[in-house]
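Trainee: I am new to this structure and would like to learn how to read it. Could you take me through some features, one at a time?

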Amino acid sequence: MRFIARYAKELESRFEIVTVYEDAIDKELIAKDTPVIQTLAKKYPAAIWFERKMQDDFGIIIEDAFDKRPLVHQERFPKDTHPLRKDFVKKSLQEGNYVPYKYEAIKGDGIFQVAVGPIHAGIIEPGHFQFSQAGEDMLHLEVRHFYKNRGIEKMLEGKKLLEAKPIIERISGNESIAYQICWRDIVLQATQQKLPLALQKRHAFLLELERIIHHLTDLGFIPNDAGFGAALAYASKLSEDARRKMQEITGHRFGFGAIGFANGFMDIASISEWLKELRESVVAFEEWIMDIPSLWDRFDTTGILSLKKALKYSSVGVVARASGVTIDRRINPFYLEHGFVMASEVSGDASARFKVRLEEVYNSILMMENFLEEDDTQLSLSNLQDGEYSSFCESSIGELFMTVDIKDGIIERFFVRDPSFVNWQAVHLMMRKDIIADFPLINKSCDLSYAGNDL
Amino acid sequence: MIKFWNKRLELGVLTENLELDNELKAIQKEIKDQVKKKFAGSLAIRMVDSGSCNACEAECNALANPYYDLERLGIYFVASPRHADVMLLSGIMTFNMTPHVKEAYAQIPAPKWVITMGDCPAMEGVFEKTYAIKAPAKDHLPVAHHIKGCPPSPKEIIEGLLEFLRKI
């Protein structure tokens, strides 16, 4: 049974701990004055961050946890402050005493620590990586995040679901359409309505466009991190073209505000023409890049995540599919009818992740051609019913899970698990046989989100 | 590889003459003089993300793509604040990032400027104040210029940088 997420919510007199698995949901009620639970991390290692987050957010004690360090709350965060509790209403915090964070470190003769971040050398998001090194060899890596924690979950509480959308679509810029589709499915569940096929096709088209933009950017950046800059120039041209299409269709380069309940105009002829050109350009890119042995020498066997580990750590998305795990939220009749074929590799290394992205670009182009349709269907929403709703969507990174509780017409609890949240926890496993100079390449080959992870 | 070079020749130069290129030409001399006096011939930018959604970073990366090719204007992104003239700050100044942003600013040698980009650091975006947010950035750093947008497009960033250069 695949572990998906574990989160807490505060009820009148108790906490409810919800654990979501592939095909089951477990709910456990605990007393508020003695909020103690047992860890799941022994069976599902990816539960560690969920539990440490719960401990910070609500003050829930994980009795038998072997890692009780704070996760979201960093050195200066005031002690015994649990911001997701309902009685916490402060809008600003004073810095507390500086308490150093105890990094996981391997110690011994000649072994040293390398601290990287939170601010990195390139134009990327902040996060910290702590390496234990024996010369060039990486012995251990600890990934430490949550520098970007904006308090999104708390921000959305007390809002109406429709008002929450501009915030939800800006949780992770690279996955905006996916977040909006999760939001859309929750709205549909709450209004007990079905989405007309034409709208479903439009949204699916935009989701694939977003995936293409993200994947093309990566197809440039991954070789760039292996010292092959020409690929970045080529692929970033293609991704800019795709981003301009997004602007043309939705009025926004990242598709913010794109998913709604009215169908808009699409210039089918010009889009088909562009898709055709794009496919030819990607074919040319593939022929060129596959023929550069020094590049594949860097990619092959670098950053291996084995199938066994990928399953154990509940990995999702491109990372999982590159290690031979057959999971994709698009495996359903709607997508299969429109030409979906799951991309998959088995070697689990940087080259596998590169190839999965490349395959997915081709498949997305094919599906986008099939999704194109001229239509002006509209759906008028009926009233939202209170309840607990959750939805899934396959973003460009992987499976996105969102859940919303609506009480008296407003959001009582919002929780979202970005695919990055589980995948980050598997990144340290990829470093075992590589040198520190491979780290940027391995990290980029996974291309996980920091913003979506940190919330 | 021959195929690639054929394609390369076929494609030609992609870098666009943006509408502002005429304007650019006009002020390029001005930029040059200014940059020469204040920045020894080139403007070095250290981009720092204090809690954005990553869209601002994506747009800054897009500045390097063949269409925009920012470096032709003598403006480039550097890897360390110690190499920088300007800090380009995106994001909403989270509680956890704020000390690191201040530290990065302290590491930039004077004279130095802070340019904020996107609606977040000015607290003009959709995000509302929570315990974890310390924006606006001007409460923490001397902000010299602001580039609006959510996110500002690459073209808007270039225009914004030009405005900044005129201003100082």
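Predicted model: local features only at pLDDT ≥ 70, side-chain atom pairs only at ≥ 80, totals over all residues.

Trainee: Which residues of H5(B) are buried?

Mentor: In H5(B) the buried residues are B:Pro154, B:Ile157, B:Ile158, B:Gly160, B:Leu161, B:Leu162, B:Phe164 and B:Leu165. Take B:Ile158 from that helix: its relative accessibility is 2%, so B:Ile158 counts as buried. B:Ile158 and B:Asp119 are 39 residues apart along the chain, and their C-alpha atoms are 16 Å apart.

Trainee: How many helices and strands does chain B have, and in what pattern?

Mentor: Chain B has five helices and five strands. Following the sequence, they come as α-α-β-α-β-β-α-β-β-α. Of the 168 residues in chain B, 55% are buried.

Trainee: Now the backbone, please. Which residues are joined by a cis peptide bond?

Mentor: The general idea is that most peptide bonds are trans. In chain A, a cis bond links A:Gly117 to A:Pro118, with omega about 15 degrees. A:Pro118 sits in the loop between strand S6 (112–116) and strand S7 (128–134) of chain A. In chain B, B:Cys150 and B:Pro151 are joined by a cis bond with omega about -15 degrees.

Trainee: What about phi? Which residues have a positive phi although they are not glycine?

Mentor: Again, start from the general rule: most residues other than glycine have a negative phi. A:Asp447 has a positive phi of about 35 degrees. Look for A:Asp447 in the loop between helix H14 (439–446) and helix H15 (451–454) of chain A. B:Asn54 also has a positive phi, about 90 degrees, and is placed in the loop between strand S1 (43–49) and helix H3 (55–62) of chain B.

Trainee: Where is A:Leu84, and how far is it from A:Asp57?

Mentor: A:Leu84 is in the loop between strand S5 (61–62) and S6 of chain A. Because its relative accessibility is 2%, A:Leu84 counts as buried. A:Leu84 and A:Asp57 are separated by 27 residues in sequence, yet their C-alpha atoms are 5.1 Å apart.

Trainee: Last, the surface. Which residues gather in a patch of positive charge?

Mentor: Look for A:Lys308, A:Lys309, A:Lys312 and A:Arg432, which form such a patch on the surface. One of them, A:Lys309, is in helix H9 (residues 307–312) of chain A. A patch residue needs over 30% relative accessible area. A:Lys309 has 31%, so this residue is partly exposed.

Notes. Residues numbered from 1 in each chain as written. Chains lettered and ligands numbered in written order. Heavy atoms only, no water. Patch = residues over 30% accessible without salt bridge, like charges linked within 9 Å, V, L, I, M, F, W, Y side chains within 5 Å. Areas by Shrake-Rupley, 256 points an atom, 1.4 Å probe, with all protein chains shown as cover. Salt bridge = Lys/Arg side-chain N within 4 Å of Asp/Glu carboxyl O. Lys, Arg positive; Asp, Glu negative; His and termini not counted. Charge placed at Lys NZ, Arg CZ, Asp CG, Glu CD. Helix = DSSP H or I, 4+ residues; strand = E, 2+ residues; numbered from the N terminus. Buried < 20%, exposed > 50% of the residue type's maximum accessible area, 1.4 Å probe, protein only.
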